[in-house]
Amino acid sequence: MRVRGLGRVKRYVRRMTAPFRSQAVILMYHRIFEASLDPWELCVSPQNFSEHLEHLRRHYRVLTLPHLVRLLKTSELPKRAVVLTFDDGYADNLWNAKPLLEHFDIPATVFVTTGYVGLNREFWWDELERIVLLTPQLPKSLELTLQGSRYTWELAEWADRPVITGNMGVSEWGTLSNGKLTSRHKAYTDLHCLLRPLAHEERRTALARLRSDMGVSGNGRSTYRPLTLEEIPKLANGSLVEIGSHTVTHPVLSAQSMTIQRQEMVESKRSLEKVLGRPVTTFCYPYGDVNKTAVELPNEVGFDAACTTGGRTVTSGVNPCLLPRTFVGNWNGEEFAKRLSKIFTQ
Ligand SMILES: [Zn+2]
């Protein structure tokens, strides 16, 4: 039997009881940086981040991730709890985010992709952006052979016109009018889809080929660099920043064998523990992608918790190896307050 309007009533009850439910929101940041181009909406400006922290300080109980995990075990989750996390391990987490975290006395976890630490290179998605969107002069047509298939993109009149600005994320590029959605945008999104599931070495080779075909340097932009080995203990110094693992090479884990998945977790954990001299207990799945058959793997290799995506609140009973997180965009304080409040009342 189906009672009409029952869904509406349930939603209403859920909304009305939300302020009384014990739940937490784990926020997912990547970079604190003012970017002129940000296809994946990874950057939050220092000004906006400062407004987020001020709001959190006043209206929420901000916990460390390990503290939240402990509370989940004992079902003692407070109301309106928030945890901050940063993915990937950009150097701006130390130089731009940490001083603001200290100013507001707010803790956070930074998930580091250890294979990129100390490299004078960008994360692969940033390198692809630099090659395809930002290089002033590209050949009229762009070619790449991957796993035996040959792909071609005709850049035509956009070959000598880089996409210089545009904070619009990839998800909104489809709404650009014909004249603005360029062949460079198209080549970038196609290449991103093709490169993302590849094994690390295969992707490196493909990027090297693209760079050499287009005469682009492998050296990354200094403002896009990952943390160095010396910067990791500096970031972890004090009581506010916890370092977690984000694998070695940032693979799509579900596309890898179980051996590779385990290796990615174990090796990144081990190298972070060597640098920090203490256990690393939290993990974060690259792209939020979880292999359904390997959900317990983080626990098996010694992590207490693992974060994914999903935009939901965390309530007691959740699997600690599947902690959902919520994306944070480059919103000002008012917008951030509105969106966060909405998540808690959904
Ligand atoms: Zn990541």
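## Overall organisation

Of the contacts (heavy atoms within 4.5 Å) between residues at least 6 apart in sequence, 71% join residues at least 24 apart. The model is predicted: local features need pLDDT of at least 70, side-chain atom pairs count only at pLDDT 80 or more, and totals for chains, interfaces and linings use all residues. Residues are numbered from 1 along each chain as its sequence is written, and side-chain values use heavy atoms, without hydrogens or water.

The protein has 12 helices and 12 strands, taken as DSSP runs (helices H or I, at least four residues; strands E, at least two) numbered from the N terminus. Buried residues (under 20% relative accessible area, 1.4 Å probe, protein chains only) account for 52% of the 346 residues.

## Packing of α2 and α4

Helix α2 (residues 46–59) packs on helix α4 (residues 92–104) at an angle of about 25°, with the axes 10 Å apart. The two helices are therefore roughly parallel, a term for angles under 35 degrees. The contact involves Pro 46, Phe 49, Ser 50, Leu 53, Glu 54 and Arg 57 of α2, together with Ala 97, Leu 100, Leu 101 and Phe 104 of α4.

## Nonpolar cores

A nonpolar core is a set of buried Ala, Val, Leu, Ile, Met, Phe, Trp, Tyr and Cys residues joined through side-chain atoms within 4.5 Å. The largest contains 51 residues, and those touching the most other members are Leu 27, Tyr 29, Phe 49, Leu 56, Leu 84, Ile 243 and Leu 340. Helix α4 supplies the largest share of this core, five residues. Another core, of 30 residues, lies apart from it and includes Tyr 90, Val 132, Leu 133 and Leu 195.

Notes
Axes are lines fitted to C-alpha atoms, for helices over the stretch in contact, and angles run from 0 to 180 degrees between N-to-C directions. Angles under 35 degrees count as roughly parallel, over 145 as roughly antiparallel, 65 to 115 as roughly perpendicular and the rest as oblique. Buried means under 20% relative accessible area, exposed over 50%, partly exposed in between (1.4 Å probe, protein chains only).
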